Amino acid sequence: MAQYIAPLRDLQFVLHELLNVEATLKTLPKYVETDRALIDQVLEEGGKFASEVLFPLNRSGDREGCHHDKVAKTVTTPKGYKEAYKQYVDAGWPSLACDPELGGQGLPVVVNNSFYEMINSANQAWTMYPGLSHGAYECLHAHGTPEQKEKYLPKLVSGEWTGTMCLTEAHCGTDLGLLRSKAEPQPDGTYKITGSKIFISAGEHDMAENILHLVLARLPDAPEGSKGISLFLVPKFLSNADGSLGGRNPIFVGAIEEKMGIHGNATCQLNLDGAVGTLIGEPHKGLNAMFVFMNFARLGVGMQGLGLTEVAYQNAITYAKDRIQMRSLSGVKAADKPADPIIVHPDVRRMLLTARAYAEGARAFCSYVALEIDKELNHPDEEVRKDAADQVALLTPVIKAFLTDNAWVATSECLQIYGGHGYIAEWGMEQYVRDARINMIYEGTNTIQSLDLLGRKILMDNGAKLKKFGAQIQAFVEENGIDENMSEFITPLADIGGKVTKLTMEIGMKAFQNPDEVGAAAVPYLRVVGHLVYAYLFARMAKIALEKKDSGDTFYTAKLATARFYFARLLPETAMLIRQARSGSGNLMALDADLF
């Protein structure tokens, strides 16, 4: 009944027409041989894997969930998951964007990013297993010792072993400075780690023979707070000298969480009872190393929001064209039927276009940032690398929060299109709503992302990163401002750009007097910045569509209509958000806590 078809045409539009990735990749010596033909081939094969292998397991995996054997302290994933993972490994997908010296294929992040969009659409719960593994790879690749890299990275690259991130404890989630897990140094240079972790996605499973846990813990001489946290690599199974699996390390699953969504992913409570680990990076600098993983994960969670928005839209549009209810307000549209398809009704179209616009905007946004990551890591010019790094730092919290907020809205709207059937599990829509809700919480709640954006990424450098991005928008406005055909897009883009500048200055001035002003304004402020990014990208996409609207390809007609809908119906949300952000902290903090 449900379906997923990889949106290859729009992916190709974003990569080749909007971003012209091939030209950018030619400036990066590492990727000079990555051309359009190769990119499209990867996307096509990835789309097949997503729709033919992963999507059929999505609903069944949700219904079955994971099973915890309390005696054996093991977890079994839903039927078909293990077999799908073997296909994934055999096809070489884990190595797509990994270092060739470690057995990787060495493709750009922007290509890997598009592949992950598709597999997130097909099955978010399953995709979390390899997604976390790639995050572990990135962290070890950046901060691991030579011995750790040699011993563990090839296994992560091949997909033979998987990885996790173990941060959260029962008494601390966001405030990691409170964590209590301990690491005792041993004479052989290893550490024995004791403590408990909760909410560990993919913490135990049967899909791979070994799991590499990246665990935050404290050394005996650690200072208090977040400055006293170290990062350790703790494998499920220890390795023998010849690389074969050795004894079982005492890191065991105590329980798996019963949760609202992503039932196919094993969210574990893990207990460490003197588990052997090795230090990653420097003592007491664990958060610095883990942030490589966390930032990768935050971009990945934004991609999960995009994936769910796309698949929910695809199914809602199919339903809306098929379901007949009532007659069109402007006259009969399907005279051969007892009622008209519900797609004739204006508000059904509003809901469909909301999901469509949020999906297309998110796809452009994620690909834009992924290409900036490629430039940050590989461009020969140091200044270009620095500018790209600033953009990635600025926009990472926006991707995580804005895209997942929008996915919650979009999946809910798509469920609404189904009416009562949307609330029934048989149709599959209610799963997307349930799955979407966690994305606003984990890997740093969306409020934390908002505080990070406003407090750290903008106010701490007096808006320098934001000004760089704003200059790019201003250049586009000036270049296209005299084009009458573009005025419907350029005028509101220039307007929101100016308003963001003024709002930032106002909040910054208030924050000097009262730091609570940052907390009060942060969430609506991030959404305003998210809309600034979307307005910029939709204006660029509209320019391309205008140039090609007479080509006979209806794709450009649809793209132009979606851009017009975004500017007319979604961007105006910023007026309310700006008023909220400007209203200050007084209306939030005046009421005494005892009166709540």
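Modeller: One term before we start. A polar contact is a pair of N or O atoms within 3.5 Å. Within protein, one atom must be able to donate a hydrogen and the other to accept it, and residues adjacent in sequence count only if both atoms are side-chain atoms.

Biologist: Fine. What kind of model is this, and what pLDDT do local features need?

Modeller: It is a predicted model: local features need pLDDT of at least 70, side-chain atom pairs count only at pLDDT 80 or more, and totals for chains, interfaces and linings use all residues. Residues are numbered from 1 along each chain as its sequence is written, and side-chain values use heavy atoms, with hydrogens and water left out.

Biologist: Start with E169. Where does E169 lie?

Modeller: E169 sits in the loop between β3 (161-166) and β4 (182-185). Strands here are DSSP runs of E with at least two residues, helices are runs of H or I with at least four, and both are numbered from the N terminus.

Biologist: Which backbone atom lies 2.8 Å from the side chain of E169?

Modeller: The backbone nitrogen of R180, facing a polar atom of that side chain.

Biologist: Is E169 buried or exposed?

Modeller: Buried, at 3% relative accessible area. The cut-offs are under 20% for buried, over 50% for exposed and partly exposed in between, using a 1.4 Å probe and protein chains only.

Biologist: Which residues touch E169, not counting those up to four places away in sequence?

Modeller: L179, R180, S181, S196, K197 and I198. Contact means heavy atoms within 4.5 Å.

Biologist: Zoom out. How many helices and strands are in the protein?

Modeller: The protein has 19 helices and 11 strands. Its radius of gyration is 24 Å, close to the 25 Å from the globule rule for 596 residues, so it is as compact as a globular protein of that length. That radius is taken over C-alpha atoms, and the rule is 2.2 Å times the number of residues to the power 0.38.

Biologist: What does the C-alpha trace span along its principal axes?

Modeller: About 80 × 60 × 60 Å. Of the 596 residues, 56% count as buried. Among contacts with a separation of 6 or more, 73% come from residues 24 or more positions apart.

Biologist: And charges: how many positive and negative side chains are there?

Modeller: There are 59 positive and 72 negative, and the centres of the two sets lie 4 Å apart. Lys and Arg count as positive, Asp and Glu as negative; His and the chain ends are not counted. Each charge is placed at NZ of Lys, CZ of Arg, CG of Asp or CD of Glu.

Biologist: Next, T127. Where is it placed?

Modeller: In helix α7, residues 124-143. T127 is buried, with 1% relative accessible area.

Biologist: Which backbone oxygen does the side chain of T127 reach?

Modeller: That of I119, at 2.8 Å. The T127 side chain also reaches the backbone oxygen of N123 at 2.8 Å. Leaving aside neighbours within four places in sequence, T127 contacts L54, Y116, I119 and N120.

Biologist: Now backbone angles. What is phi of N20?

Modeller: Near 45°, which is positive in a residue other than glycine. Most residues other than glycine have a negative phi. N20 lies in the loop between α1 (8-18) and α2 (21-26) and is partly exposed at 41% relative accessibility.

Biologist: What about phi of A202?

Modeller: Positive too, about 60°, and A202 is not a glycine. A202 is in the loop between β5 (191-201) and β6 (210-217). A202 is buried at 2%.

Biologist: Jump to D553. Which side chain does it make a polar contact with?

Modeller: The side chain of R9, at 3.3 Å. D553 is in the loop between α16 (516-548) and α17 (554-570). It is partly exposed, at 28% relative accessible area.

Biologist: Last one, I417. Which helix is it found in?

Modeller: Helix α11, residues 382-417. I417 is buried at 6%. Its C-alpha is 9.3 Å from that of R349, 68 residues apart along the chain.

Biologist: What does I417 touch, beyond residues up to four places away in sequence?

Modeller: A316, Y319, A320, I342, V348, M351 and L352.
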